[in-house]
Amino acid sequence: MQTNMILHGDCIEKLKEIPDNTIDLIFADPPYNMQLKNILYRPNNTKVAGVDDTWDKFESFNEYDTFCTAWLIECRRILKETGSIWVIGSYHNIFRVGAIMLNLGFWILNDVTWYKINPMPNFLGTRFTNATETLVWCSKSAYTKKYTFNYKMMKKYNGDKQMTSVWHIKLCTGEERIKGSDGKKAHSTQKPEELLKRVILSSTHKDDIILDPFFGTGTTGAVAKKLGRQFIGIESEQNYIDIAQKRIDSITTLWEESDWIEK
Ligand SMILES: C[S@@+](CC[C@H](N)C(=O)[O-])C[C@H]1O[C@@H](n2cnc3c(N)ncnc32)[C@H](O)[C@@H]1O
């Protein structure tokens, strides 16, 4: 199977082209269906850059559930028996996604909380500041005990203490955040590489094949390349594919696992 490439199109269609039981790890960062109805302003009247992209919009919960069921069925089919899947989401969607995954036969191994060290404030002061996202990590079924988990590596990375399911990681900002020619964020939901480092390092081996059906700016592909894994990305928007390809092509320095652990 050809790897280290980005497929252009709808992920449900593209996933159907991938043979059964061939993928070691899936990382999925799907649309969150955030249902933002109004423009949000800061107290100084500047507009908050929320996620108002067309690709994040669904007519109803029912339509969103149908979409998630379709891509998750394909993901389960292409996963190796020893494979696993990570799906990230927020309170807007993760409970629906988690229920669908359980109904399809996936087995939850952990729900990892990404604690954002620098979250966006709740500008209106109407709720608590939302400072977390959830990653659901699942094996293919309750009967597959041989999924990859690099327990010792993650313990060492965590200062010789067992790594917990709460990960303190900054939002993707500064140099790491890809900008367009207008100086604005090129993508509204680019994930931090540190998050993908932990996902990939904990649940794959070198040369494993990692598939991301919602590739965006290619964070999964960039980290996979740096860690010596293979990747397949799927993305519906050509401009994001161009950004992701350029990003991945520009990587020349790879991470040695041992270097990374020592940091
Ligand atoms: C939440 S973003 C992923 C961001 C990515 N993790 C990153 O770090 O840049 C979701 C991405 O999925 C893409 N997308 C949405 N629906 C899709 C579909 N049906 N098939 C393929 N891609 C889709 C969007 O264009 C968007 O780039």
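**Notes on a helix and an arginine**

1. Among the elements covering the buried residues of α3 are α2 (61–78), β3 (79–89) and β5 (132–139). Helices (H or I, at least four residues) and strands (E, at least two) are DSSP runs, numbered from the N terminus. This is a predicted model: local features need pLDDT of at least 70, side-chain atom pairs count only at pLDDT 80 or more, and totals for chains, interfaces and linings use all residues. Residues are numbered from 1 along each chain as its sequence is written, and side-chain values use heavy atoms, with hydrogens and water left out.

2. Which residues of α3 (residues 94–104) are buried? They are Ile-94, Val-97, Gly-98, Ile-100 and Met-101, where buried means under 20% relative accessible area (1.4 Å probe, protein chains only).

3. Gly-105 follows α3 and has a positive phi, near 105 degrees.

4. Now please look at Arg-229, in the loop between α6 (219–226) and β8 (230–235). Arg-229 counts as buried because its relative accessibility is 4%.

5. The side chain of Arg-229 reaches the backbone oxygen of Leu-227 at 2.7 Å. Leaving aside neighbours within four places in sequence, Arg-229 is in contact (heavy atoms within 4.5 Å) with residues including Asn-4, Asp-207, Asp-208 and Glu-257.

Definitions and conventions:
Buried < 20%, exposed > 50% of the residue type's maximum accessible area, 1.4 Å probe, protein only. Polar contact = N/O pair within 3.5 Å; in protein donor to acceptor, adjacent residues only side chain to side chain.
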